Amino acid sequence: MEALKMSEREVSEKKRKKRSISLYQAVWRWHFYAGLIFSPFLLILAFSGGVYLFKPQIENVLYQDLYFVEEGATALAVTAQTAGVLESYPDASVTSVSFYDDPARTTEVGILQNGEAASVYVNPYNGAVLGEIQSGERFTDIFVSIHSELLIGGTAANLLVELAACWAVILLITGLYMWWPRKRSAIWGTVLPRLRSKGRTFWRDMHAVPAFWLSLGILILILTGLPWSGVMGEQINRLATSTNTGYPAFAQSFGEKPESQILAKDIASDVPWASENLPVPSSVDNGYVPISVDDAVGVASQQNIAKPYTISMPQGEAGVYTLATSHSNPSDSATLHLDQYTGSILSDVRFQDYGIMAQGITLGIALHEGRLFGLANQILGLIVCIGLIFVILSSYVMWKKRKPKGRYGAPAKPKDKKITRVVFFIMLALGVLMPLVGISIIVMYLLDRFVIPRIRPLRKQLFEGGGANE
Amino acid sequence: MSKRIAALTLAGAVFLSGCAAGNPEVRLAEPLETYIYLPENISANTPETFTVHVTENGELLESADDIMIEVWQGTAGESEWFEAQSSEAGVYTAEAEFTEEGLYYIQAHVSSGDVSSMPVKSFTVGELTEEEEAALEEEPEEHDDGHHH
């Protein structure tokens, strides 16, 4: 009786162990192939992101002659500053004016000249025009272009970045599964590396231990980066809209704008004519002209708009002055639209007016860009970027050490076909959450099923090569 | 176990793609409407009365905090400020006299609570010089960046 029970337990234990090995192998295969394909992209993202984090410091040094002047006593009127710009650029039109909180910073005047946008920097104390930077030609613009669209640009590149970011989530999940301590007391090789061991164990620890420590940071950077992405970003927007927790209308300076009321209409029908003494407006050309940018600046200070902010000039007859904070503390976020003829506030949306999701997204973006809590935020971001590069490089070394010459050294297919299938469906489910992942899995599956079997040598290398090794 | 995870993720995805319109309401400022009325023919060296008509939410604004009227000549130059007097509910007037003929601008600065309105109107005293005529022609162009594409 007793012996039978023991052996029953032994058998089930053995079964469980076999299963767990199969599961490990299946997860490892996913981790291996995903890493092989997407780590180059993740390297690019970590590098470009790490540089871009320090955009303010880098630009302050590179463009110090344009950005900084000796602080004077009183600043000139903004119209006087823009007039100076138009004197230097007679064919240009002013599109925007930006103000910074450092009193030694120059005023940045956005101009459009022969269809080309540029920023012109003006000393606010004497009106001297210091120079220009063509839009998109800042040093850091290169890095933002690499980071968001791999320098090639276009939707395809943007989707590729999103695909890599989403696969990074899968790499994190599968990696954490493999990292998970099998024995409860195992500190070495999990939270601390086995520094004294050599070869593969050492490099495995150099990969898995820092990756564990960085996993939360990496996940946060991926999640806070997703609102920019084409597919997931759209889903996030839809979720915010459907739950009424997104951005209110007119919340963003680049979005839809209200319209200025053109006072050319027949006033008599709109206004209560209480007074007989009022003269009747005589001409169709009513004589109203847009208010000056100085008046818009006046509204900005009256409404406690925190610097740095940008005033965009009205576009067309029904256009509006748009006052929007830029790259400041998210809680100072404000976007105001002013009627260009009266300066009255058509809409005023602050951070507090955002829905809870929009607030979260705004905070997340600031965190991602390293401007939520100053230098500490930038340094934390940098640590994650450098750590990610290290983890990718160590994984490469660890693979090299395992890989037989001339073969890919992929982990073997698990013996238990059922486990393979279960893991496949979990991945597919994650693919539903992250549509690009789902599509790529289906494409890979179809390739694996129908194309690769027809190319025998490749199949040998990719899928049977590493089998004997583990 | 894995089936449950799959079901949960699926449910999450359906939730994500669920679509219904709606966004937080925008807080719009109370509309303050200000109209400036000019005397029909303004000539130099005669006192002229300018009238400002103010409504808030379609009602005549009886007690604006203060209504100032600013007048300046051409594009540059010093501006002159007048305090407008209320002649009746919603109607404010100020008197000004011009020594020089030319192109002028008048701006009414109206505020009520933390809402303000400050329309600008151009007008001529006497005859315009050719230069001023040209400047007036250019006026919309200067503020209209949309047409430069």
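Trainee: How many helices and strands does chain A have?
Mentor: The secondary structure of chain A in this predicted model comprises 14 helices and nine strands.

Trainee: And what share of its residues is buried?
Mentor: Of the 470 residues in chain A, 47% are buried. The accessible surface of the chain is about 24600 Å², and carbon and sulfur atoms contribute 61% of that area.

Trainee: Which residues of chain A does UniProt list as "transmembrane region"?
Mentor: The unreviewed UniProt entry lists residues 30-54, 159-180, 211-231, 379-399 and 419-447 of chain A under that heading.

Trainee: What is the helix content of residues 159-180 in the model?
Mentor: Residues 159-180 of chain A are 95% helix and 0% strand, with 31 Å between the end C-alpha atoms.

Trainee: How far apart are the end C-alpha atoms of residues 419-447?
Mentor: For residues 419-447 of chain A that separation is 21 Å, and the span is 97% helix and 0% strand.

Trainee: Which residues make the nonpolar surface patch?
Mentor: The patch covers about 760 Å² and includes Ile439(A), Leu446(A), Phe450(A) and Ile455(A). Leu446(A) belongs to helix 13, residues 435-451 of chain A.

Trainee: Changing topic, where is Thr190(A)?
Mentor: Thr190(A) sits in the loop of chain A between helix 6 (154-179) and helix 7 (199-225).

Trainee: Is it buried or exposed?
Mentor: Thr190(A) is buried, because its relative accessibility is 6% and the cut-off for buried is under 20%.

Trainee: What does Thr190(A) touch, leaving aside residues up to four places away in sequence?
Mentor: Its contacts are Trp179(A), Pro181(A), Val209(A) and Phe212(A). The C-alpha atom of Thr190(A) is also 9.1 Å from that of Pro210(A), which is 20 residues away along the chain.

Trainee: Which residues are joined by a cis peptide bond?
Mentor: Lys307(A) and Pro308(A) are joined in this way, with omega about 0°. Pro308(A) is in the loop between helix 9 (293-302) and strand 6 (309-312) of chain A.

Trainee: What is the phi of Asn304(A)?
Mentor: Asn304(A) is not a glycine, yet its phi is positive, at about 55°. Asn304(A) also lies in the loop between helix 9 and strand 6 of chain A, and its 64% relative accessibility makes it exposed.

Trainee: And the phi of Asn45(B)?
Mentor: Asn45(B), likewise not a glycine, has a positive phi of about 65°. Asn45(B) is in the loop between strand 1 (32-37) and strand 2 (48-56) of chain B, and is partly exposed at 48% relative accessible area.

Notes. Residues are numbered from 1 along each chain as its sequence is written. Chains are lettered from A and ligands numbered from 1 in the order in which they are written. This is a predicted model: local features need pLDDT of at least 70, side-chain atom pairs count only at pLDDT 80 or more; totals for chains, interfaces and linings use all residues. Side-chain values use heavy atoms; hydrogens and water are left out. Helices (H or I, at least four residues) and strands (E, at least two) are DSSP runs, numbered from the N terminus. Buried means under 20% relative accessible area, exposed over 50%, partly exposed in between (1.4 Å probe, protein chains only). Contact means heavy atoms within 4.5 Å. UniProt positions are given in the numbering used here, feature names are shortened, and annotations may be inferred rather than shown by experiment. Patches are made of residues with over 30% relative accessible area and no salt bridge: like charges are joined within 9 Å, nonpolar side chains (Val, Leu, Ile, Met, Phe, Trp, Tyr) within 5 Å. Accessible areas come from the Shrake-Rupley method with a 1.4 Å probe; for residues, only the protein chains shown count as cover. A salt bridge is a side-chain nitrogen of Lys or Arg within 4 Å of a carboxyl oxygen of Asp or Glu.
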